[in-house]
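Thanks for coming. I have one structure to go through today, so let me put it on the screen.

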Amino acid sequence: MIDPAIEFIDVCKRFRKQEVLRDTTFRVERGRTFAFLGRNAAGKTTAISIMMGLLSRDAGSVRVLGLDPATHPVEVRRRVGYLAEDQTMYGWMLCEEILRFMAPFYPTWDHQLALKYAKDFEVPLATKIKHLSKGQNVRLGLVLALAHRPELVILDDPALGLDPIMRKQFNRDLITHLQGEGRTVFYSSHLLYEVEPVADEVAILDAGKIVRHAETEELRRDVKQIVLHREAASQLASETRILDQRPDGADVAVIVENAETVIQKLAQVGVEHRIVDLNLDEIFEAYVAGKRSSPIAATIRVAGPQPCDA
Amino acid sequence: MLIRVEKGSAVPISSQIAEQIAMHCAAGKLASGDRLPSVRELARELAVNQNTILRVYERLVREGLLEMRQGQGTFIAEDSTGRSLASHRKRLGEEFRQMARQGIALGLTADELHEILSKALEQVQPPVNKQPAKSKTGVSS
């Protein structure tokens, strides 16, 4: 059986007293585009640094292309293309010079390919790095990350600081040059709507834990908002995991997983309800900032028979 | 073929694309035998995952709207207009249901809802059989 591209099992990492990763477990199959979503400080960059062998882990097991990055960091870095979140390169070098400077670090470096990517991505080769725009800087980083034909590409928030047109172009490059060639892409981001069109699957990291991992479209089908009467909602809450709930007069809008089953059940029992489709931002918000418990039970009296005060 | 993908929408991207292709067929902008862009081309054009485009094409093939010809590409199927109309009618039915629900929530009666619909129809499509010229003069005086 072929190894997955990346595998994390029960990985823990703490910095002094602060626990950054807590039993983080996920698996990225080869050839997939995997979106790694989380708020700032959710632990995304820490997880990536562990993958690249730049940080040690406190517990758990990590495999990248079948290798342990803690014991084989150089081999991992040779086979992985890595675009760091805010990479700083030698500003005084010309773009052309850094391509030649990087080449000897990688046995599989293909200089013709590097020049071709530089041309495709419109990187001005004769310009000094410190004079590049943010967008050109990211694309130069991408050329450096791809020129050794890596099997796996790890992108740490590449769209950060790009304007909408550059982001679309970047996604196009990703689709043509990476997905089109069957490579595995691990794409970390907090811009969900940018990731959605390109990702095969998404994992949501919150406070160091993977709270959901699913195919992008499956997640949309699976998580829905249902508006129903308070009493029915409290009934539902006793048998279903609720990600978020907000009261709305006599009704409550709840966000649930397994929407299809829940809706079927409601229909069987004959509970009146309305289904609302959610976008990825709303689904993400429900997982990382949803109100799990709410004053349903406390306020249920209001919805009951009319009080007989006069 | 002009397709617009709205990011951050509650409608999944694959559905957005499938619906727009179906709409182009229903409107006659795409006719039987027309060749669609390849999965790769459309993915690049829209900046959307190739697997998503492939799934859209496969779904529309299953629905009989498109056909894949080995080694030649993806084409609009025979009788695509009829099929796309049928699927549009289904979707329209759902939208009407949604609107009816909203109306009921607002406390409107069935008669009032019917009235709103007839009024909307009148505005969009003036009645043909009622000799509009005559009745108009009658009303305005």
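First, the conventions. This is a predicted model, where local features need pLDDT of at least 70, side-chain atom pairs count only at pLDDT 80 or more, and totals for chains, interfaces and linings use all residues. Residues are numbered from 1 along each chain as its sequence is written, chains are lettered from A and ligands numbered from 1 in the order written, and side-chain values use heavy atoms, with hydrogens and water left out.

Now the interface. Chain A puts 21 residues into the contact and chain B puts in 20; contact here is heavy atoms within 4.5 Å. Together the two chains bury about 1900 Å², with 44% of it on carbon and sulfur atoms. Buried area is the accessible area (1.4 Å probe) that two parts lose on being put together, summed over both.

How many salt bridges are there between chain A and chain B? There is one, and it joins the side chains of B:K7 and A:E194 at 3.2 Å, N to O. The term means a side-chain nitrogen of Lys or Arg within 4 Å of a carboxyl oxygen of Asp or Glu.

On the side of chain A that touches chain B, the elements giving two or more residues are helix 6 (164-178), helix 7 (192-195) and helix 8 (216-222). Helix 6 of chain A gives the most, seven residues. Helices (H or I, at least four residues) and strands (E, at least two) are DSSP runs, numbered from the N terminus.

Next, the salt bridges over all chains: the structure holds 23. One of them pairs A:R32 with A:E201, with the closest N and O atoms 2.8 Å apart. A:R32 sits in the loop between strand 2 (18-28) and strand 3 (33-38) of chain A and A:E201 in strand 8 (residues 201-206), so the pair ties together parts 169 residues apart in sequence.
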